[in-house]
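Subject: A structure to look at

Hello,

I am passing this structure on to you, and I hope you enjoy looking through it. Have a look at it first, and then read on for what turned up.

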Number of protein chains: 2
Amino acid sequence: MSDFNVIGKNVEKKDGIPKVTGKALFARDISFEGMLYAKILRSKVAHAILKNIDTSKAEKLPGVVCVLTSKDIPGKNRVGIIIKDEPVLVEDKIRRFGDALAVVAAETEEIAEEALDLIEVDYQELPVITTIDEALKEGSLKIHGDTNILENKSLIKGDVDEAFKKCDVIVEKTYKTNYFAHMFIEPEAGVAKYENGILTIWASTQNPHFDRGEVARMLGLSQSKVRVVQAVTGGGFGGKLDISTQCFVGLVTYHIKRPVKLVYTREESMEVSSKRHPHVMKYKTGADKNGKILAMEAEFLQDSGAYASYGPAVVTRGMVHATGPYEIPNIRIKTTMVYTNNPMAGAFRGFGVPQVSIAHEQQMDLLAEKLNMSPYDIRIKNALRVGSYTSTMQKLEGSVGIVETLEKAKEKAEEVIFNNNKDLECIKKRGVGIGCMWYGIGNTGLPNPASAFLEVHKDCSVTVLAGCADIGQGSNTVMCQIVSETLGLDYEDVNIVSADTGSTPDGGATSASRQTYISGNACKKAAEMAKETLLKIAEELLNVDKSEIILKNKKAYSNKDENNSITIQKILNNCAAKGIMVLGCGYFNPDTTSLDAETMQGIPFATYAFATHFIEVEVNTYTGEIKVLKIVAAHDVGKAINRRMVEGQIEGGCLMGMGLGILEDLKVENAKMKTLNFSNYLIYTAKDTPEIYPIIVESEEKTGPFGAKGVGEPALIPVAPAILNAVYNATGVRFTEVPLTLEKVVEKLNY
Amino acid sequence: MSDFNVIGKNVEKKDGIPKVTGKALFARDISFEGMLYAKILRSKVAHAILKNIDTSKAEKLPGVVCVLTSKDIPGKNRVGIIIKDEPVLVEDKIRRFGDALAVVAAETEEIAEEALDLIEVDYQELPVITTIDEALKEGSLKIHGDTNILENKSLIKGDVDEAFKKCDVIVEKTYKTNYFAHMFIEPEAGVAKYENGILTIWASTQNPHFDRGEVARMLGLSQSKVRVVQAVTGGGFGGKLDISTQCFVGLVTYHIKRPVKLVYTREESMEVSSKRHPHVMKYKTGADKNGKILAMEAEFLQDSGAYASYGPAVVTRGMVHATGPYEIPNIRIKTTMVYTNNPMAGAFRGFGVPQVSIAHEQQMDLLAEKLNMSPYDIRIKNALRVGSYTSTMQKLEGSVGIVETLEKAKEKAEEVIFNNNKDLECIKKRGVGIGCMWYGIGNTGLPNPASAFLEVHKDCSVTVLAGCADIGQGSNTVMCQIVSETLGLDYEDVNIVSADTGSTPDGGATSASRQTYISGNACKKAAEMAKETLLKIAEELLNVDKSEIILKNKKAYSNKDENNSITIQKILNNCAAKGIMVLGCGYFNPDTTSLDAETMQGIPFATYAFATHFIEVEVNTYTGEIKVLKIVAAHDVGKAINRRMVEGQIEGGCLMGMGLGILEDLKVENAKMKTLNFSNYLIYTAKDTPEIYPIIVESEEKTGPFGAKGVGEPALIPVAPAILNAVYNATGVRFTEVPLTLEKVVEKLNY
């Protein structure tokens, strides 16, 4: 495992230079001759019957080329990742602030903007449902169909009632989380163009193949006639999984056959993109006197807002992970997710797990305190191990590094945190907290494939075609490393074309920390097909069985005699002389299973990533300010394909997790979002970075490419719970709601 | 065979609408912000030692961005399809008029043009070699290395000397052909751009993957870092197989990192693009008294001009095909191809076969006359049949339709030509001639692969990625037909991306009428891999063995019970639910063999196309004008994938063949081409089209996709010889040189 050439190395990021030199083209940088500009008329009420839209005045404004409404949609006017419940353009019912009512396309952006004011909308307002309680109330107005319940699920393992009877200690608490916004630095943008019978859309997206399907369906076109190209994407974090500008620019160009661009304003992006689901989580956890957890019970209430988006996936993932990375024999969890007229919630780095981790990690500390154990010991005692059964009775067979992350994090914390002399003003208090997490990699509950093609050129260079969208996380780099290692060719000579539905096969969404594992495996399979061709020739030339042959450093050699070698260039020359092409094609899909409908028992994920954070905070008890001083972050990623990028993910995740724990305060009043920009929705920036000590733990996952799992979301998850535990450690006050805003902290510390 | 859905149908050409509506983007239509314009300084002498190039004055001209010479080439300064003997920019020796000496890149095309005049070139002229004789003369100056002989080959079958002794009749004659120009309607053009570490070149080309290799080699880059995209290409006919603008724009952008465009003027294109090789062909053919040909001997002298280009391939093909489509047991052919300082000759629709057909078809008529047989009967008697041995002792096993083309063409000619009452002025004479041809499809003498990837999308549509360049001949349409038929899906839903080295695997050159056969087979194989996936699911769903299952009309059904069926959409839904992706990847290479070095015996081609043309001409004996009145053109194409496109190829080939026979008169004086534009190099246009009766003969080729062979070049080949025979039939005067210009005809008829 250690003898890799490229895997685990800090090779140059494929998109590094274009980005730091400003050459990378984001969707808003793409322009074409004769291009129009689009703007969207959006609802200024949260719930209403749409009676009429009169576009005639707007159409007459000089420079306006068209004003399109739902009537202009030739195909299906419904989009949605899991449930197709969201209209592209409202035809009958407005369900939230910001619902799209009409698209204007004009010669300039200013004219398009001006035209919006000339559109007359006739609607009849309905009562607005802003809370889960109201949504569930008998006789409440229904937002979709005949119930406001989007999901209602139970997870049942063992006999929780019996088990609680045997517990020596039980802790119960209710935790709450708010909305959070992704605040990707680039608002949604898309450009469409029609050429040679193909509608091409360049968009800021995490999900180009899904987008293609949605646009094709909306326009009644076949998927091969719609091409979605992921433009360089300035972050997504789950917020660019739902479709946004793509349908609007597609619709305009479909009708007008001219290129068109649509760039959301920050406020528009904020209002209509999905948010992290607010959760109410009622927890009850019991252990015996030795600290062994015997039972847990939980009830989750979640607000999906006006549309389903990824809601059902958040429900499932949150429930499966509700235990934290601990083996608990008896579990009962009930979740209800509802529709309201609130902002739409959806995918956001972690899919519900950051929420439940805030609960389960505080439960651990509460139990430890009652048992007079250390937070560390209770975690070690209950941590999942090889052979453990998870919440869904999945037996863990392979890569289970939670104990190792605990041990390594503690060791590092002892070095960099605990030996720290504290000489503080009396109003400042410091404390240390632990946060652990596990995170399923490779969804198996739904089909989850990705694919790749590749060609080895005659000069030892390679072109890879993979659907996988690199949104900055570095998947292009990882895929090239995997291909390079598999073929024994130079990383610099491997080029990837990614996330262009016109030329790359489906890679699925860049979500759920799946691409290294899923697309990585697909690229590896494609490379192995090409490798097989090379080995067949090498076998003849080296006169040894191909099972003995190693491809490395652009050479093929026998593993029994390294001197019996030949350059891969010579193998390729031999192929070329025989007219043999060195091609690869592969896809990977972890075996699709389905969970038991009643109990959710089964295998929801192919494997799991694990992590432990030790975080030191300083609380200013006077101002309420919480400062994160140090984070030790140990992550079991299976295998780090690129160590620097894994560390980068951990560092980024830490800042986003700090925002979730402390700073990011999204305000919704009467279903209307009030914090629509960086001026009132604050996020941590590079200047706020504490000392972060990333630790990479590599518990090899046999089904992963070179042993890799994933790290994108795990990096964020343990941060907020560790902060909450650290604040308690510092102040003796336990907070059950995030974020820990100044007001909240001051109020609670002083009363 | 008759039961196809898409094969053999006149489906809409994929590039039809964009072309007729003017939307198609040729390379000169492509522009980028900040784009420079390049111009090439070219030699105004034919042979010289280059001593110095002083670019300093040119560089100082405002608006000039760079002036590059051979010193600025970081990699190898040599290009060439078969032999790398041509400098991108001359570093030491000028070998022809038009050799490239320097590239200027400037802010405007005008400035670039102006700068050319400011470059000072110091050279020492050398004697100019303008004839084959001079080139071969002992002690002659050598253009490359130590000999002016580029190729010197013999083809020997049987014992020709003994065989001639047994002949009752022998005919001997020497035939000559001139240079001919392709006159593709779009001159060479290329645009380069550097982005994200990738140098992309859009070019008018028949050979994008070759171009990529040449540019990469010249710049010392790996092939994966250079992307060549075939822009919509306005014809090629072999003239865009050699590299042209690609290296120049690549070199500028490599250094300057700004986009650059280079469009050749018509005169520049004419001067530097390859021309048809002038041939001198000395023929001797003998037959017994029954008309059975027993022996032929031939000696060919060919002028390659200053560089090799496709010369060696023209030598081989010409020799193999020198017999015409007849079985001749004893053969001796000797060919010498030389370098001169004349314009470079190279690939041109037919690769030497149009030249030899002018000889062998007149030899047939001469023999017939001596034997008092009809031209038709002698052809039927000697025509190749299944089981015949070709000139290289290749036994013909499968598809040999020459007799059928003779029969069908005669039948049609009797209907439309021979029953024609002729009531002419006395100065006008009419006659009918026959031209036959055979043409090897699928070179096996060299590796000859092409490849394709494809993905079947979830909605029954398909994207095909194939390297194959469509230069107007319709390969994109053909590939989509083949994929559509193989998968039983709708042609309209199959989209192809072609000839983009950044996203399509190598398809080889669009030359030698190979793409339907070679890339067609590659696409079929890729489709069959995807089909296999569909069949595996269909097998389960229909509960029959997959060998029984037919995919057609978007359905899968049992060949034993058509009612036991399921839609392909349902199969795809089933795949999607299981995470199964329907991908295809395939390449095809006809078994590479090599001919015997001494005798050229062996298997040079996978299969052969055949054709017979009956042509009626009217000769104005006073003005010398030859008017082609009617052409009956029967072509054995194996299987017409698209009948209308095959007919289009035949019609286009007839006009180009008429040009070769009669009109196109390229003048070279002292190694300098004098006819540089449409004003003095005339070609036939649509208005000159005679009555053409295309007849499609389908002698199924088992190794071809759905039985197909090829038709691109065959369409041209029989035209000139049939005209020459028809002129003899009309006037009693035999011409042995083409073209039959007015002067030549008047002179010969009147003396």
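**Where the two chains meet**

Between chain A and chain B, about 3,600 Å² of area is buried, and carbon and sulfur atoms give 59% of that. On the side of chain A, the residues that lose the most area to chain B are Ser224(A), Phe453(A) and Met581(A), which together make up 15% of what that side buries. Please keep in mind throughout that this is a predicted model.

How many residues does each chain bring to the contact? Chain A gives 49 residues and chain B gives 49 residues.

Polar and charged pairs also cross this interface. The rule finds 18 residue pairs in polar contact between chain A and chain B, both residues being at pLDDT 80 or more. Several elements of chain A give two or more residues to the side that touches chain B: the strands β17 (450–456), β18 (462–466), β19 (494–498) and β23 (582–588), along with the helix α15 (568–578). By type, the residues on that side of chain A divide into 22 nonpolar, 17 polar and 10 charged.

Salt bridges across the interface of chain A and chain B number 2. In one salt bridge, Lys458(A) pairs with Asp506(B), and their closest N and O atoms are 4.0 Å apart. As background, side chains of opposite charge can pair when their charged atoms come close.

**How the copies are related**

**Inside the chains**

Over all chains, the structure holds 74 salt bridges. Within chain A, the side chains of Asp3(A) and Lys552(A) form a salt bridge, at 3.4 Å from N to O. Asp3(A) lies in the segment before α1 (16–20) of chain A and Lys552(A) in strand β20 (residues 549–552), so this pair ties together parts that are 549 residues apart in sequence.

There is also a record to go with chain A. An unreviewed UniProt entry lists residues 21–127 of chain A as "domain: Aldehyde oxidase/xanthine dehydrogenase a/b hammerhead". Over residues 21–127, chain A is 12% helix and 32% strand, and the end C-alpha atoms are 51 Å apart.

**Backbone details to look for**

Most residues other than glycine have a negative phi, and most peptide bonds are trans. Here are some places to check against that background.

- The peptide bond from Val738(A) to Pro739(A) is cis, with omega near 0°. Pro739(A) sits in the loop between β29 (737–738) and α18 (742–750) of chain A.
- In chain B, a cis peptide bond joins Val738(B) and Pro739(B), with omega about 0°. Pro739(B) is in the loop between β29 (737–738) and α18 (742–750) of chain B.
- Lys554(A) is not a glycine, yet has a positive phi of about 65°. Lys554(A) is in the loop between β20 and β21 (555–558) of chain A.

Happy exploring, and best wishes

Methods
Residues numbered from 1 in each chain as written. Chains lettered and ligands numbered in written order. Predicted model: local features only at pLDDT ≥ 70, side-chain atom pairs only at ≥ 80, totals over all residues. Heavy atoms only, no water. UniProt positions renumbered as here; feature names shortened; annotations may be inferred. Helix = DSSP H or I, 4+ residues; strand = E, 2+ residues; numbered from the N terminus. Contact = heavy atoms within 4.5 Å. Buried area = accessible area lost by both parts, 1.4 Å probe. Polar contact = N/O pair within 3.5 Å; in protein donor to acceptor, adjacent residues only side chain to side chain. Nonpolar A, V, L, I, M, F, W, Y, C, P; charged D, E, K, R; others polar.
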